[in-house]
Amino acid sequence: MAEQPNLEDRISGTLKKLLIASVLMFGFGFALVPLYDVICDVTGLNGKTNSSAAAESKEVDASRTVRVQFVTQTNADMPWEFRPEVRSVELHPGEIKLVQFFAKNEAADTVIGQAIPSVTPGVAASYLKKTQCFCFNQQTLAGGKSMDMPVIFYLDPAIPKHITELTLSYTLYNVTEREQQKSKDVAVHRGSQF
Amino acid sequence: MTATTAEHHDHHDDHHHAPHGLKRWLFSTNHKDIGTLYLWFSFAMFLVGGLLALVIRAELMYPGLQVVDPEFFNQMTTVHGLVMVFGAIMPAFVGLANWMIPLMIGAPDMALPRMNNWSFWILPFAFSILIGSVLMSAFGAGHPSAPNFGWTFYAPLSTTYGPASTDLFILSVHMMGISSIMGAINVVVTVFNLRAPGMTLMKMPLFVWTWLITAFLLIAVMPVLAGAVTMMLTDRHFGTDFFNAAGGGDPVLFQHVFWFFGHPEVYIMILPSFGIVSSIIPVFARKPLFGYASMVYATASIALLSFVVWAHHMFTVGMPLAGTLFFMYMTMLISVPTGVKVFNWIATMWRGSLTFELPMKWALAFVILFTCGGLSGLMLAITPADFQYHDTYFVVAHFHYVLVSGAVFSIMAAAYYWLPKWSGVMPNKILGEVHFWFSLLSVNLLFFPMHFVGLAGMPRRYADYALQFTDYNFWISIGAFWFGASQLIFLAVAVLCCMKKGEKAPMNPWNAPEEDLEWTVPSPAPFHTFDTPPVIK
């Protein structure tokens, strides 16, 4: 291979490029996570709604009504009774509604819950605006206690005309263990001040 | 990196001292030895994975639960898939690449021989860990479960609900991934830098081309798989919430990340097959390959399209209509370059002087049966139809047609085609014929009825089924045992070749054209070949 004196350099050059490509693709795997969230926001994929309070609506479109149904479920290991006070409401786009959800901790110990909302059909998700929601924060209930949890929301008047009915679903997760673990970690970090 | 080409400057010509014994294999940097290791390893994994499949088929032979409990059944489907994909098919292709790419491009060895050694020797450890978890589950005290969430290891089955052995699985997948990436890097570096003078890219044999493109796919997606299992690991143990809805993550994200790897992976397991078949058919048709350039472009288009079709595995998960349509049309578009390939193979045979030696038989069976698998794939691509077929035995039939009678048949074709070069002995004709005909008949008995039970609604991944599926399942199981036993005949063929028992092979036993460089070296191929590069006209 006398005619190619720089063969070794060429090989290590190609090798370096490919190694960098592998590392970049490893990073790309993680970049898919925020990318997925962006795509979900844009397309309403998975019916993701806003997770912090939206601005209040200004105008009401009284020319049509939309029916909003409520569905609740508790995930495995969640010992709460959890149901909407009303199964559905009818409202004009832009009109602000308050709906109460009932929760009761049927376990003996304190349980921390986190509700995750989802809207069907997915395209309607970005038009459902919540100004206040129990799902924005974790909810804590002592054993045997119950409470009403409010959601205040309106439908963006820009909601497509063909959507006359949509479903807002909440799944309630038990996050007690994870929270206790977190506060333990914090305690360790603070040098066991607690 | 430093030791890459140092060998070329050594004077090992005057004093030929090939290492022998255990050291030869453990420390080997010779592409032929490492290729042999890969091929034997993959065959061993093929038998192990087959054994797991036979447990599945024994359980499904009759309705009701007879052989194993459903929990163990789930472990069988999971580990069967993982062992076959990562242990049998992929290493078999890497073994063929190791043996044949340097011989086909007139290179003395792979460009990175030490990395080559490492990328092989990681594999036995990776699979010991994975198979170890099954052995612990089957025979261990307390019966800890082996991975039981299916080979696609969807979250939260593999995160929140994964057994303790999931961590062994994660480690094992990381090791397989590192091995594959290193193997792929080696192929690209070799093809880019070590081609004999005069061999331009468009003069390379198609096996080299398809492997080059496969290697790029591997470099692109194996790191994404590594990312996915890393996210699983941190979700399981370090409090992250990538796939955990309670913490703001999304289990559906897992499916997107997995199939972003998973679909190109499917083509990683079939593109080298296209290369093998494109090498074999022209030789036995005694005509040059029809449409060489279009073959190259078709392979490249399939590879590019493979990145934009992943969500067709998850139509039922819920997607906007536009997304569904996009993935449906893109998937159907893949049948165009694939159709080009099948057309070219047929056009190569058109009015050729065909003879039907063993490699040609396997290659022809590949073309026909792979096309069947491709057609059922096209059916699955149609979204509304897929809602019906999703997770039924129809899907199982589809991907076994493309992977068993596709990829595995092409590997068998390659083995019968190149065994004379590897061993210096012609593979035993009688055993080979029995192996081929048994495999051909049994593979269809095994997988064809799965289409029917699938369309009738039998779901996959269950240890039991409704009574009306009994007859079909009985015959499917008979086919499975027949197919499994037939592969032992190949074991005999390979062992006979290794023991040099049989008709001595000439340099070019199949009368391949002179441009196929692998047939210009003696049989068996000497330890070192092309120390001086050949000149390509």
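In chain A of this predicted model, A:Phe70 stands opposite A:Leu168 in β9(A). Local features were taken at pLDDT of at least 70 and side-chain atom pairs only at pLDDT 80 or more, whereas totals for chains, interfaces and linings use all residues of the predicted model. Residues are numbered from 1 along each chain as its sequence is written, and chains are lettered from A and ligands numbered from 1 in the order in which they are written.

The strands β1 (residues 66–74) and β9 (residues 165–174) of chain A pair in the parallel sense over eight bridges, where pairing requires that DSSP find at least two bridges between two strands, and where helices (H or I, at least four residues) and strands (E, at least two) are DSSP runs numbered from the N terminus. Both strands belong to an open sheet of five strands in chain A, in the order β3-β1-β9-β5-β7 and with mixed pairing.

The domain assignment of chain A gives domain 1 (9–43) and domain 2 (47–180), with bounds that come from an automatic or database domain assignment. The centres of these two domains of chain A, taken over C-alpha atoms, are separated by 37 Å.

Chain B is divided into domain 1 (26–245) and domain 2 (270–525), and the C-alpha centres of these domains of chain B lie 19 Å apart. Their contact takes 38 residues from domain 1 and 41 residues from domain 2 of chain B, two residues being in contact if their C-beta atoms, placed from the backbone, lie within 7 Å. On the side of domain 1 of chain B that touches domain 2, the elements giving two or more residues are α3 (31–60), α4 (70–105) and α7 of chain B, and α4(B) gives the most, with eleven residues. By class, this side of domain 1 of chain B has 28 nonpolar, seven polar and three charged residues, where Ala, Val, Leu, Ile, Met, Phe, Trp, Tyr, Cys and Pro count as nonpolar, Asp, Glu, Lys and Arg as charged, and the others, Gly among them, as polar.

Helix packing in chain B was examined for two pairs that involve α9(B). Helices α7(B) and α9(B) pack at an angle of about 175 degrees, with their axes 7 Å apart, which makes α7(B) roughly antiparallel to α9(B). The residues of this contact of α7(B) with α9(B) divide into nine nonpolar, five polar and no charged. Helix α9 (residues 271–285) and helix α12 (residues 335–349) of chain B pack at an angle of about 15 degrees, with their axes 9 Å apart, and α9(B) and α12(B) are therefore roughly parallel to each other; angles under 35 degrees count as roughly parallel, over 145 as roughly antiparallel, 65 to 115 as roughly perpendicular and the rest as oblique. In the contact, B:Phe274, B:Val277, B:Ile281, B:Pro282 and B:Ala285 of α9(B) meet B:Lys341, B:Trp345, B:Thr348 and B:Met349 of α12(B).

Between the chains, the contact takes 34 residues from chain B and 34 residues from chain A. The side of chain B that touches chain A receives two or more residues from each of α6 (166–193), α7 (206–237) and α8 (251–268) of chain B, and its largest share, seven residues, comes from α7(B).

Conventions: Axes are lines fitted to C-alpha atoms, for helices over the stretch in contact, and angles run from 0 to 180 degrees between N-to-C directions.
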